[in-house]
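Subject: Structure for your review

Dear colleague,

Please find below the structure that I am handing over to you. My notes on selected parts of it follow.

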Amino acid sequence: GTEAPFAPEVNWAPGYPFLLAISFFVFGSAAPLIILQIVLAGITSVLIFRIGSRFVPLRVAIIPAVAFALDLSIAYYNGTAHTDGLFMSLLTILVYALFFAERPARALTPFFSLGLLLGALALVRTIGQFLIVVIPILYIVLACIDGKGRKQAIFGMCTFVLGAIIVMSPWMMRNHEILGSYTLGNIGPKMFLHYYVKDFLTVKAGASHTGDFAKSDTAKEVEVQIARELEELVQMDGGTPESHFQELALRHMGEDPIAYAKFHTIGTLPYFLAGSYRHFFVSILGDYKKRAGLPYPSHENIAHKMTAVLYSGTFAEKWNAVKSLSFVLVEILWRVLLLVFGLSAFFVKGMRNKYLVLVLWMLVLYFAFLTGPASLTRYRIVSDPLLLSLAGIGAWMLIGYLKNIIARRNSSRILEHE
């Protein structure tokens, strides 16, 4: 609220609000921060090209970079005061600098600087905090595959982690005093309980698959149940409802872990497949129509609709759910094509190149599975540069693979005629 007594913020990390505050304090508006986001998005496009050029000809590497630059949904999130665009650009810079850029063999300063960048990235969006574990593992394994510089890689990653901790630890200690846990924010447990587990319990209870199950009467009943259980935990163990989000979520997940694993896996697929252009047009055109007093399209959770398609049992339920997606099916097919191309990137030659493709895929999957059943299309924006890079690499590899098959068949036919 805007009036005392004020409650301390526990869900979100302070990185983006801090940048907004600086922008308003110095310039009186958020425009400078948005301009910075647009500039960083331009740099991201260049880095997509540079990553691709390590695997494919320059004329091919430029295609995913151009696709990124022309993506209206990405332009929207970079041109507005959202964390998505800034996080996406910082992540791409970090990945490129660690895995694709050349550095002095024994220099530790670049690793420390990149650790500071990771800390800043995690303060923009808390989903980045676990990269402090994931990235060092991926980097050290790459050094082992190269067969040289293992000690330098280990020292480099220790320096990298130190830089990240220096940036992240003050806010984590502050949250420990409030929540009793060293965390950058409570948004993870909140999402886990109020989106993942809540939706899981809703679907498990037999909510209809013909609409958005998260807005059904069953979902409202589950929400009341969760609120009651949180209140009981507060009365028994003290604290606040926020401090019990994770405990309650894990309890419900543990009651049927196999069913939850199925739900989470199915709910993750829209991360790769759901269209984002409808969201863009609704956000932009819908706002103008609303201001003009004209009928305007409403926001729809495409991820929930797609989950309904994948999760529903009978053919009739699947058909009704598919019909509800009719306006975005074309883009979904495009996303399927990108996914096929991205997986085809593993056809690349050379162990090191295959592992670099695996690194890109591991990072994409990291964000996909953490957002899970709440896979709104905006959550995909953060890893789109990596996925587009993979799609460009894979498309070239797949074309080459098909050309070889056709050439072999033609050679066989010529030999048969001779």
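In this predicted model, the axes of helix 5 (residues 83-99) and helix 18 (residues 351-371) come within 12 Å, crossing at roughly 155°. Because angles over 145 degrees count as roughly antiparallel, helix 5 is roughly antiparallel to helix 18. The crossing in which helix 5 passes helix 18 is right-handed.

On the helix 5 side, the contact involves Phe 87, Leu 91, Val 95 and Phe 99. These meet Leu 356, Val 359, Leu 360, Leu 363 and Phe 367 of helix 18. By residue class, the contact of helix 5 with helix 18 comprises nine nonpolar residues, with no polar and no charged ones.

Leaving aside residues up to four places away in sequence, Thr 44 touches Phe 68, Ser 89, Thr 92 and Pro 385. With Ser 89 there is also a polar contact, formed between the side chain of Thr 44 and the side chain of Ser 89 at 3.2 Å.

Lastly, Val 141 is located in helix 7 (residues 131-146). With a relative accessible area of 34%, Val 141 is partly exposed. The C-alpha atoms of Val 141 and Ala 153 are separated by 9.2 Å, and the two residues are 12 residues apart along the chain.

Yours sincerely

Note on methods:
Residues numbered from 1 in each chain as written. Predicted model: local features only at pLDDT ≥ 70, side-chain atom pairs only at ≥ 80, totals over all residues. Heavy atoms only, no water. Axes fitted to C-alpha atoms, helices over the stretch in contact; angles between N-to-C directions. Helix = DSSP H or I, 4+ residues; strand = E, 2+ residues; numbered from the N terminus. Parallel < 35°, antiparallel > 145°, perpendicular 65-115°, else oblique. Left-handed = near helix turned anticlockwise from the far one by under 90°. Contact = heavy atoms within 4.5 Å. Nonpolar A, V, L, I, M, F, W, Y, C, P; charged D, E, K, R; others polar. Polar contact = N/O pair within 3.5 Å; in protein donor to acceptor, adjacent residues only side chain to side chain. Buried < 20%, exposed > 50% of the residue type's maximum accessible area, 1.4 Å probe, protein only.
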